[in-house]
Amino acid sequence: MTVMPMGRAIGWLAARDPDRPAITCEGHTVSRLDLDHRTNQLARAYERLGVGVGDFVTIALPNSIEFYEATIAAWKLGAVPQPVSARLPDAEREAILELAKPALVVGAPGGPTGAPGLEAGFEPDAALSDGPLPERTSPAWKAPTSGGSTGRPKIIVAGQTAVVDPEISATPGMKVAGCQLVPGPLYHNGPFTFSLGGLLRGSHLVVMVRFDAETALALIERHRVDWTLLVPTMMQRIWRLPAEQRDAYDLS
């Protein structure tokens with residue numbers, strides 16, 4: 001077994017195949033090495049803003065490479081990524097922030113808690129090192145939200161620490177170092193859990209900003225995707241395409 005902190009796994013994978021694609025979104029691809037260097041630098045920027053071990057980092061970003069970078073940077077500091085929808089009304093987001101009390105908000109204002117907020121597209125100081133950081137382990141690897149049965153926000157803190165064995169599949173049927181299509185919103189627990197489970201085991205993630213049935217088929221063919229998480233509505237939209245469109249793509 002090769003169990004290690006999730007933040008360290010990105011560098012471990014980069015050392016083994018630095019040029020292998022890590023994430024593709026809207027035609028832009030970052031390699032494993034690029035992702036490792038970028039998140040090292042970003043983690044140092046977050047650390048300057050006060051993020052430390054056990055702190056929540058609220059991530060209010062749309063599906064993007066930037067979303068994954070913010071998540072990994074939090075892990076590299078031993079912090080807990082806390083994803084929320086980038087489209088939440090201010091009042092709903094502020095209610096979550098009041099509950100989570102994050103050390104940092106990425107993609108939205110810090111809100112009423114006094115935590116600093118970083119706009120989407122934030123660039124760390126170019127003078128910050130992109131070399132490895134001291135090894136840290138987050139006490140919980142994620143903290144998504146739920147309205148539950150009451151409609152009031154709740155934080156669901158994972159019971160597992162942020163450790164991973166990058167040589168063991170995340171779930172049956174998912175290959176180590178495979179290729180995964182990510183069609184669902186990352187603030188939802190399913191897409192967050194399974195896509196990061198794949199990324200931490202060397203899979204190339206092909207991320208959709210929003211779902212489109214024919215585009216999903218085209219991406220599966222283009223990138224030779226071997227695993228994806230679809231909800232029934234997505235499957236129905238694919239099935240409702242005209243047969244000549246649906247059958248035009250090689251999904252083998």
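Trainee: What does R224 form a salt bridge with?
Mentor: R224 forms a salt bridge with D250, and their closest N and O atoms are 3.8 Å apart. A salt bridge here is a side-chain nitrogen of Lys or Arg within 4 Å of a carboxyl oxygen of Asp or Glu. This is a predicted model, in which local features need pLDDT of at least 70 and side-chain atom pairs count only at pLDDT 80 or more, while totals for chains, interfaces and linings use all residues. Residues are numbered from 1 along each chain as its sequence is written, and side-chain values use heavy atoms, with hydrogens and water left out.

Trainee: Where do R224 and D250 lie?
Mentor: R224 is in the loop between helix 6 (213-223) and strand 13 (227-228), and D250 is in the segment after helix 8 (243-246), so the pair ties together parts 26 residues apart in sequence. Helices (H or I, at least four residues) and strands (E, at least two) are DSSP runs, numbered from the N terminus.

Trainee: How many salt bridges does the structure hold?
Mentor: It holds eight salt bridges. One of them joins R8 and E135, with the closest N and O atoms 3.7 Å apart. That pair links distant parts of the chain, R8 being in helix 1 and E135 in the loop between strand 7 and strand 8, 127 residues apart.

Trainee: Is E135 buried or exposed?
Mentor: E135 is exposed, with a relative accessible area of 54%, whereas R8 is partly exposed at 39%. Buried means under 20% relative accessible area, exposed over 50%, and partly exposed in between (1.4 Å probe, protein chains only).

Trainee: Changing topic, which residues of helix 1 are buried?
Mentor: M6, G7, A9, I10, W12, L13 and A14 are buried there. G7 has 7% relative accessibility. Leaving aside neighbours within four places in sequence, G7 is in contact (heavy atoms within 4.5 Å) with W75 and K76.

Trainee: And what aromatic pair does W75 form?
Mentor: W75 pairs with W141; the pair is tilted, at 6.4 Å centre to centre and 40 degrees between the planes. Rings of Phe, Tyr and Trp (its six-membered ring) pair if their centres lie within 6.5 Å; planes under 30 degrees apart count as stacked, over 60 as edge-to-face and the rest as tilted. Both W75 and W141 are buried. Ring pairs also link F67, Y68, W75, W141 and F192 into a cluster.
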